[in-house]
Amino acid sequence: MDARNSRRNRKRRRRNRCARSETGRSWHSRQPIRDRHIGNDGPLIEGRWLVTAALLPLLLAGLTIADRRNPTVAQPVEQPAEIIPATTVETVAATVTATATRITTTTTTTTTTTTTTTLPGWTGPIPEHYGPGSGCTPQQADIIARTYRTYGASDDTILWALGMISRESTCDSSAHNGNRNTGDNSWGICQINALAGHFTTNGIVNGYDPYRFASDFQHNVDACAVLWSYCGRGPWNYGNYYCQQPES
């Protein structure tokens, strides 16, 4: 390494001497080289530019050798450590108050007691308008008596009803008088006249079917009792018909 540097230094001194001999003065002269011209446009025959041009290849070669001999090792650049802001976690103690509600279900059982009172039947006389066998049987008389009592009829009214039924139909629920000459279209034991409008939509016994009377004695008795509860004895008062709600 020392021998190589010594040879390099000798070469550098020879180049410097050659340069001084050509220019006549040292390239370290303080006199400005730009003042020494030949002519206005001629090139410099001595000066810094000429010396620099001659030495530029050697200087570049020397720098290249120096770079190879003393290479610059790139030092790692230390990156500043990333500062992560600390996260502060606050623990909040929550107090939860649980209210327990007890639901008490009370089951109330409603018991409906239906008391059926059997109304008394008929123990009185049974009228026979047309003689023996023209009146109701004791069983029929019981049905008539209990049904009329449901609508508030008294014993006097029940006795009247039994006599009226014997006269109108001899207690025959299938009886029907369709004689238009006498103004009749009458049905059942009490001969309810359809021509009077009793079975129509607005009639008093509109919910009853006269064609059912023959086969359902109770159905027929119910219709007679309803008509009486509205009009009393008026619909059967021959020659002076009327409709007036009875008292009993």
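In general, strands of a sheet pair through backbone hydrogen bonds, either parallel or antiparallel. Here is one pairing in detail. Strand E2 covers residues 186–187 and pairs with E3 over 2 bridges, in the antiparallel sense. Look for Trp-187 there. Trp-187 stands opposite Ile-192 in E3.

One caution before we go on. This is a predicted model.

Now the overall picture. The protein has 5 helices and 3 strands. Along the sequence, the pattern reads α-α-α-α-β-β-β-α. So much for the order of elements. How much of the protein is buried? Of its 248 residues, 27% are. The exposed surface comes to about 18400 Å². Carbon and sulfur atoms supply 51% of that surface.

Next, contacts. Take those between residues at least 6 apart in sequence. Of these, 44% join residues at least 24 apart.

On to the disulfides. How many does the protein have? The count comes to 3. Let me take them in turn.

Cys-136 and Cys-171 form a disulfide, with their sulfur atoms 2.0 Å apart. Where do these two cysteines lie? Cys-136 is in the loop between helix H2 (48–69) and helix H3 (138–150). Cys-171 is in the loop between helix H4 (155–169) and E1. The pair therefore ties together parts that are 35 residues apart in sequence. The link of Cys-136 and Cys-171 is right-handed, with 100° about the S-S bond.

Are these cysteines buried or exposed? The cut-off for buried is under 20% relative accessible area. Cys-136 has 8% relative accessibility, so Cys-136 counts as buried. Cys-171 has 5%, so Cys-171 counts as buried too.

Now go to Cys-190. A disulfide joins Cys-190 to Cys-224, with 1.9 Å from S to S. This brings us back to the sheet. Cys-190 sits in the loop between E2 and E3, while Cys-224 sits in helix H5, residues 217–231. So this pair ties together parts that are 34 residues apart in sequence. What is the handedness of the link of Cys-190 and Cys-224? It is left-handed, with -90° about the S-S bond. Both Cys-190 and Cys-224 are buried.

Stay with helix H5 for the next pair. Cys-231 and Cys-243 form a disulfide, and their sulfur atoms are 1.7 Å apart. Cys-231 lies in helix H5, and Cys-243 lies in the segment after H5. This pair therefore ties together parts that are 12 residues apart in sequence. The torsion about the S-S bond of Cys-231 and Cys-243 is about -70°, so this disulfide is left-handed. At 2% relative accessibility, Cys-231 counts as buried.

What is the pairing when the bonded cysteines are numbered in sequence order? It is 1-2, 3-4, 5-6.

To recap. Another links helix H5 to the segment after H5, through Cys-231 and Cys-243. And Cys-136 and Cys-171 tie together two loops, one between H2 and H3, the other between H4 and E1.

Conventions: Residues numbered from 1 in each chain as written. Predicted model: local features only at pLDDT ≥ 70, side-chain atom pairs only at ≥ 80, totals over all residues. Heavy atoms only, no water. Helix = DSSP H or I, 4+ residues; strand = E, 2+ residues; numbered from the N terminus. Buried < 20%, exposed > 50% of the residue type's maximum accessible area, 1.4 Å probe, protein only. Contact = heavy atoms within 4.5 Å. Areas by Shrake-Rupley, 256 points an atom, 1.4 Å probe, with all protein chains shown as cover. Pairing = 2+ DSSP bridges. Disulfide = S-S within 2.5 Å.
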